[in-house]
Each structure stands twice: as C-alpha cells, then as structure tokens.
Amino acid sequence: MEHTIIISSLTKKFGGLTAVDNLNIKVKKNTIFGLVGPDGAGKTTTMRILCSLLTPDSGTAEIGGYDILKESEEIKQHIGYMPQKFSLYGDLTVMENLEFYAEIYQVAKKEREKKIEYLLKFSNLSKHSYKLADQLSGGMKQKLALSCNLIHTPKYLLLDEPTIGVDPVARREFWKILFELKEGGTTIFVSTPYMDEAERCDEVGLMNNGRIIKTDTPANIINSFKPILCVVSENSHLARDISEREDCVLDSYLFGEELHIVADDNDNAMKCLMEKFETYNVKAAIKEVNPSLEDVFVNTIKSEKRK
Amino acid sequence: MEYAIEIENLTKIFDKFTAVNNVGFKVKKGDVFGFLGPNGSGKTTVIRMIMGLISPTSGTGKVLGYDITTDNEKIRSHIGYMSQKFSLYDDLTVDENLDFYAGVYCVPKGKIDKKKKEILEMADLIGKENMITSNLSGGWKQRLALGCSIIHEPEILLLDEPTGGVDPIARRQFWDVIYDLSKKGVTVLVTTHYMDEAEHCNSIGFLYYGNILSLDTPNAMKEKIIDGDIVEIKVNNTLKSIELLKEKCNVRDASVYGAGIHVMTKPGVNLIELKEYLIQNHINVISIKKVRPTLEDVFIFLVEKENKIKELDFRYEL
C-alpha cells in the first residue's frame, strides 16, 4: 500500500522542552490516521510542522511526495488544515467566508460557485448561508471551518482536535462527513483526545511526550492488550475505594457506570475482590472483558509514567 | 430529604429569545447533579441565574435556603464557581493564584496555609507551587482552577463545562476530586456534553433549547427513555450500511458509534433478518448484537425526537 504522508525522525525543541522527539509515522493513501495522546503530547506541534508553519530542528516529512522543508508552497496547495481555533471571520456571513477562502486558495472563478454550492449542501449549511459566522452554533461553525478548508479540493486534510467543545450529535455528523471525504479519495490526518473518535480511524498512533508509543489499527491495539476486569455494582464508587486498597489490583478506574480493573493475575484478583465486596456488603458482579481503546490508552500512558 | 438547590419554573428571556423555559429541578445535599445538553441549550444561563449574576424573567429558586433573586450576596459566599474558561492568572505562579483567590474570598489569614496545602495535595500539584500557571498543561490548569474555586470551602460547587479539551486521564483525575468533595458533603452542579462524565452524576437534567426534556438518574434514563432496541453492528463498509439501514422500516436511526454502527430500532427487531438484509446487499457483517443503550444513545434519541416535533410544528405554521 502506498504511503502519502511520511514523517521521518522529526524533532522539535522549544528551549529545554522536546515537544516532538524523533517521530516516525507513515500514513497510507486514502485512509484516516488518528494521532491520539494526552495534552502536551506534541500533537499540535506535529501538525504545525506538517503544514510548514513550524520548522523542525531535525528530521523531515513529505506529503504526497513533496518535502515539507523544500517544497512547502506546493504542499500548501494540496492540504487543508483546520487548527483547534477555527479561523473564521465572525462578522462575515457563511457565504462570504467561503468566498474569502476561495479567493485565498485561488479557486478558478468558473468553478467557485459550483464548489461553494456543493460544500454548503455537503455540510448541511445551505439554509444558513446568509447568517454571520458568529451566530452559528459550535457544530455549524466547525462544519463551516471544514468547508472553508475544502474549497480547493485538497488531497490531504490535517485536522487538529476538530471536535473539541462540540456536542455528540454534531460530532457524529462531522465524522460522517470525514468518511465521505475518505471515500472520495482524501487522506486525513486527525488528532484527538477522544477515544470514540480514535476508534473510527483506520490507523492510530498513540503519542506521549513527543514520541509514538504504538501505531496500529484500533482493533490490533486492543487485541494486543490482555483482558481486564469489569465490575458492575450498585455502588461503583465504593467498589473502587475497596479495590484500590487491594494488592492484587494494579489499577482501578471508573468507566461510565462500570469499574474497570487491571491486574497481573485476573483469576486471583477476581477471587480476592469478590471476597472483599462480600465483606463490605457490596453487591457486585465481576467478569473478564476485552479492553476498549480508552482502557489501552489510559493504561499505556500510566505505565509510561511509572517508568 | 434536605435539598441544597431548589429551582422552580425558572425562565429567562433575552429580547425575544427564550434561553431558559420553565426549568425546575432539585439537588440533594452532597449530590452531583449534571446538566446535559448540546451547545446553546441554556446550561450556562441557568448557572448564572443560580449564582445571581443575572436575574430570571420569572420563576424562583433557593440555594441553601436563600432566595436567588434577593439574597444573592449571601449565596455567593457559599458558592464555588469554575467557568469554561478557567479564570486563572497566567503570569502568576500556582501558589500566587491560590493566594489571590484566598484574598478575594476573604479566607482568614490563619487558615490560608493549611487550606493551600490541602488543595495542592488534592489537586496533585505538590512540587509545582512555583511554576508559572501558563506553563501548566491542561489537566493541571483545570485542577488548579478547581482548587481556586474551593479555597473558601463552599458548600456548593458550580462547574460549567469544566473538562472541555482535557484528555481522558486528566478527566478521570478531575472526577476523582469531584467525587471526594461530594463525599465530604459538597453539592456539585456540573454542566457537560460528555456522556461519560454524565455517568458520574447522581442525577441528570437533560436540557435542550431551554427546556428540560428529561430529569432522572443515568441508569433510569438508559432504561426508560428509548422505546425500542439498540443494535450494535460492525461491518466492512460503515457508510453504505448506514444508508441501507436507514431505509429499513423498523429502523428509526442509524449512526456511527465508535468503530461500529448503533442502530435504533422499533421494539422487537429481528437480528437475523437485519443481518440477512445487509448480507444480501453485499455487506460483510462482522458482528451484530443488541446492547444496552448508552447515555449517548439516549441523548441522540431525545434530540432527534425533539427535532421531529419542531419540524412538524414548523410545517403546521406554514
């Protein structure tokens, strides 16, 4: 399979802080790659380097065969970049924002009208084209920002935490659009702190302290981790307080209404916890479950911290 | 049962826009109450009225027995408030921010040091006292902002979307702190649109366009609200499957959920038939099973239902 975004030994330091540390990533053509990591992992710095907004200290990257250091102008024509803070003009209308971006990206006059109409329809904003960008809800702003970055039909889309502060309904709609773009041939590089979004990527890279800890498909990442214990009880908080004190438990954390437990020896931990729950009169059921991507993420980062 | 917050028929109209419409709810002392709703649903407006920062157009409310329209000075001294944008001074150190808030809230001099130590411990910020706030990561900043808002030992804590843009690990740590406070008897009212956070709450009010659509415990919401089944399907072609599923008559809605699809169906759906239907349309079905609705499913269900009603009203008006 052909790779179209290739990051090789990329390093960027800010003073004493190494934000990106010898980073290597390969993204296959026509896929969605998710860069997943906690705050301060170096996700945004990586994005900015890819867009040639920052110069790396060492290493390089190429997008679609163009070198980010030597051919940044060519790259800019082929990428759409959506930063965390959408760069929209609040006092322009939806239509005017799109026209503005069409101008900046030098979209041919002939194609412009058709393209704008297509994007408005595509993002479900046709009815709102006369509204000022400031008057839009968070989800609509996000879709407008995306549309503005699609005006020049880029082959590569770089999205930096695009759905922060956007509600679940709008997030689902946004991802549907990303899937459609992928089907249309776009390669998407997206960073996110949300695991449900990471699961929708074809491949994810778990990033921490400027480095990639793991790159694989979400399914493979989950399968590489051994089963964890899931406790369902009437009082998860109390169950957690009890579990935390036990030596057989490496880690325990609330996961929605469930309590998730990581242990070296699951059978032993199950036995010892059931006894304890009985002692404290907590009604609970324990079973082994496959971890979710969020479980793997939390545990991988925590075990990195312990090192 | 003693209630820390009692709100009745609260309405706020800005010009012609009804931001909050006849909202009522009660929060028991020591409970964590979650206000759930999409952007622009009126969550922040309710919080501001409770704090007495804006006065309601109509309706009443009591916080710790004080009236929200007449006794707001008294209320404020018992409230800790953390806003979406943490109000920290970026160019002050962690320690200086805590000192500043201790001063603002008139914490007695003799108590400040003890209180500061407690907060640093709770927020896992020991050793970071002399760091400049702007150098802290998102999760630390968030816990410092929380610390600053509870330095005067408030009985009620109002948190307005406290975890936007914070990673899962930091969010867990934050909720551990909230849970400890609630155990000590602090009543917490938190707004969020993250469903996993709403799970931590004792009860939830679901707000949409200023109206409370549902008010219950997270578990009861999952059991009672959706009349039908949620089917989780994993396939090789998600988008095409969603389109196909939406055409089925016993399917209410289908959308992307994590790596799979969540299908909302009418009651008593036949899984074998659904699977056959997809296979006939050349979809490779990896797995199909009924699952318990998640809060996100409930959220989507309520919003779509409300939108349909609104659409009908709109057509009727035309």
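Leaving aside neighbours within four places in sequence, Ile54(B) makes contact with Lys12(B), Arg48(B) and Met49(B) in this predicted model. Ile54(B) sits in the loop that links α1 (43-50) to β4 (58-63) of chain B.

Most residues other than glycine have a negative phi. Asn9(B), however, has a phi near 50 degrees, a positive value in a residue other than glycine. Asn9(B) is part of strand β1 (residues 3-14) of chain B, and Asn9(B) counts as partly exposed, with 13 C-beta neighbours inside 10 Å. Cys106(B) also has a positive phi, near 55 degrees. Cys106(B) belongs to the loop between α3 (94-104) and α4 (109-122) of chain B. With 9 other C-beta atoms within 10 Å, Cys106(B) is exposed.

Turning to the sheet, six strands of chain B form an open arrangement in the order β6-β7-β8-β3-β9-β10, with mixed pairing. Which strands stand at the edges? They are β6 (79-82) and β10 (211-216) of chain B; each has a single partner strand, so one side of each is left without a neighbour in the sheet. From one strand to the next, the twist averages 15 degrees. Within this sheet, β3 (residues 32-36) and β9 (residues 203-208) of chain B pair in the parallel sense over four bridges. Leu36(B) has Phe206(B) as its bridge partner in β9(B).

Helix α5 (residues 138-149) of chain B touches β6 and β7 (156-160) of chain B, and the direction of the helix makes about 155 degrees with that of β6(B). Helix α6 (residues 168-183) of chain B lies across β3, β7 and β8 (187-192) of chain B, at about 150 degrees to β8(B).

As for chain A, its secondary structure comes to 11 helices and 14 strands, and its C-alpha trace spans about 75 × 45 × 40 Å along the principal axes. Of the 307 residues of chain A, 45% count as buried. Among contacts in chain A between residues at least 6 apart in sequence, 68% join residues at least 24 apart.

In soluble globular proteins, nonpolar side chains tend to be buried together. Here the largest nonpolar core has 169 residues, of which Leu158(A), Ile261(A) and Val188(B) touch the most other members. Not counting residues up to four places away in sequence, Leu158(A) touches Met47(A), Leu50(A), Cys51(A), Ile79(A), Tyr81(A) and Phe189(A).

Finally, the two chains meet through contacts between 32 residues of chain A and 32 residues of chain B. On the side of chain A that touches chain B, at least two residues each come from α5 (138-148), α6 (168-183), α7 (195-198), β12 (251-255) and α11 (293-306) of chain A. With eight residues, α6(A) gives the most to this side. By class, the side of chain A that touches chain B has 14 nonpolar, seven polar and 11 charged residues.

Terms used
Residues numbered from 1 in each chain as written. Chains lettered and ligands numbered in written order. Predicted model: local features only at pLDDT ≥ 70, side-chain atom pairs only at ≥ 80, totals over all residues. Contact = placed C-beta atoms within 7 Å. Nonpolar A, V, L, I, M, F, W, Y, C, P; charged D, E, K, R; others polar. Pairing = 2+ DSSP bridges. Axes fitted to C-alpha atoms, helices over the stretch in contact; angles between N-to-C directions. Core = buried A, V, L, I, M, F, W, Y, C linked by C-beta atoms within 7 Å. Buried ≥ 20, exposed ≤ 12 C-beta atoms within 10 Å, placed from the backbone.
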